Amino acid sequence: MASLALHGSNLLRTTHSTAKTLSFIRCDNVSSESVKCRDNGIPISIGRDYNNFQTSSFPDFLATPSQLLNRIPSVCQSDTRLRIFSGTANPSLSQEIACYMGLELGKIKIKRFADGEIYVQLQESVRGCDVYLVQPTCPPANENLMELLVMIDACRRASAKNITAVIPYFGYARADRKTQGRESIAAKLVANLITEAGADRVIACDLHSGQSMGYFDIPVDHVHGQPVILDYLASKIIHSDDLVVVSPDVGGVARARAFAKKLSDAPLAIVDKRRHGHNVAEVMNLIGDVKGKVAVMVDDMIDTAGTIAKGAALLHQEGAREVYACSTHAVFSPPAIERLSSGLFQEVIITNTIPVAEQNYFPQLTILSVANLLGETIWRVHDDCAGGFEAYSSLGID
């Protein structure tokens with residue numbers, strides 16, 4: 001069974017009562033997969049990492065409760081202007097985000113009619129509130145996208161002051177340009193739909209390409225999942241001289257270079273491929289040296305795993321000792337599970353921006369939680385980065 005390493009999902013923000021008493025709240029009623037996970041089965045002591053060593057200096061949202069106690073300003077419990085609602089696409093992630101923030105998810109009724117139409121009704125008032133709607137547009141993409149649009153419309157008609165669409169995975173992001181004549185640019189269309197529905201801001205995690213932010217006519221906070229994956233890799237006993245970061249294609253070089261820089265400025269290798277059709281990739285050659293090294297392949301998403309699996313096979317042919325696959329979004333369209341569990345990878349490290357069904361777990365899979373990352377981003381957007389927080393760059397927010 002997969003090891004699900006979910007970082008601090010039960011850690012909540014401190015609250016500030018009228019008596020000036022600080023306390024930590026723990027959500028014991030979270031009915032999500034993260035509750036049964038304990039970082040590869042190894043309990044983590046406060047101030048210690050996975051190997052029981054002293055915790056290194058990582059961003060504050062990955063800090064321990066004692067560290068957060070002094071770093072995060074308290075929030076008044078009576079502040080009811082911040083509301084978080086969850087769609088049906090990834091309710092466990094929404095619950096973890098609310099749990100980290102010390103809030104309860106807003107009450108909302110979402111159902112499908114017999115003909116497939118979506119019905120949304122807010123079960124509480126949001127008049128004058130800052131509303132955050134957590135809904136990735138993951139498969140089934142069209143269903144979840146339409147549900148998000150109807151949720152935004154319901155909040156707008158309920159007189160919400162600000163509506164922020166929190167989209168951990170932005171579907172249609174790959175259709176961001178025309179590669180052939182008479183093609184649509186679906187990413188721009190989806191951006192227009194979200195804007196016209198009534199959203200005032202978007203929080204997205206690891207967009208497929210940075211130019212997608214320009215398709216929106218509203219502010220976009222682009223959150224990178226790299227800090228969460230880097231924190232996990234830091235727990236591995238791998239000598240820096242043995243590491244090499246690999247981009248599975250030429251288009252991901254900038255992403256891999258930024259990742260390598262944060263991994264002790266590790267060397268970079270590039271897999272050159274030629275794509276003959278959608279979801280079909282053919283590896284051609286390797287640029288860089290991986291012989292006898294631990295290769296860490298970095299990509300924003302894994303769909304059918306054709307690109308990353310063929311790249312891993314090439315790395316083994318070129319003498320790589322071990323191959324790790326790191327990706328923020330686990331789309332996992334068939335036959336991804338068969339390819340990833342075939343023995344090519346020492347470990348496949350993903351995040352929970354997209355829910356992974358339990359039947360799709362395999363021994364090499366590790367799932368990290370981005371709940372703290374998104375929760376802290378929501379706080380900073382809500383507070384306009386007030387209260388003495390350090391610069392946005394510590395969270396990797398564009």
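Colleague: Which value is the phi of Gly198, the residue that follows α4, near?
Modeller: The model is predicted: local features need pLDDT of at least 70, side-chain atom pairs count only at pLDDT 80 or more, and totals for chains, interfaces and linings use all residues. Residues are numbered from 1 along each chain as its sequence is written, and side-chain values use heavy atoms, leaving out hydrogens and water. Helices (H or I, at least four residues) and strands (E, at least two) are DSSP runs numbered from the N terminus. After α4 comes Gly198, with a positive phi near 130°.

Colleague: How far apart are the end C-alpha atoms of α4?
Modeller: Helix α4 covers residues 186-197, twelve residues. The expected span is 1.5 Å times one less than the number of residues. For α4 that should come to 16 Å, and the distance between its end C-alpha atoms agrees: 16 Å.

Colleague: What covers the buried residues of α4?
Modeller: Buried means under 20% relative accessible area, exposed over 50% and partly exposed in between, with a 1.4 Å probe and protein chains only. In α4 the buried residues are Ala186, Ala187, Val190, Ala191, Ile194, Thr195 and Ala197. Residues three or four places apart in an α-helix point the same way, because there are 3.6 residues a turn. The cover, judged by contact (heavy atoms within 4.5 Å), includes α3, β8 and β9.

Colleague: Which backbone nitrogen does the side chain of Thr137 reach?
Modeller: Thr137 sits in the loop between β7 and α3 and is buried, at 4% relative accessible area. Beyond its neighbours within four places in sequence, its contacts include Leu148, Ile167 and Phe170. A polar contact is a pair of N or O atoms within 3.5 Å; within protein, one must be able to donate a hydrogen and the other to accept it, and residues adjacent in sequence count only if both atoms are side-chain atoms. At 2.5 Å, the side chain of Thr137 reaches the backbone nitrogen of Gly171.

Colleague: How many residues apart in sequence are the parts that Phe170 and Phe216 tie together?
Modeller: Phe170 is buried at 5% relative accessibility, and Phe216 is buried at 7%. Rings of Phe, Tyr and Trp (its six-membered ring) pair if their centres lie within 6.5 Å, with planes under 30 degrees apart counted as stacked, over 60 as edge-to-face and the rest as tilted. Phe170 lies in the loop between β8 and α4 and Phe216 in the loop between β9 and β10, so the separation of the parts they tie together is 46 residues.

Colleague: Which residue of β17 is the bridge partner of Thr351?
Modeller: Strands β16 and β17 run parallel and are joined by four bridges; DSSP must find at least two for strands to pair. In β17, the bridge partner of Thr351 is Leu368.
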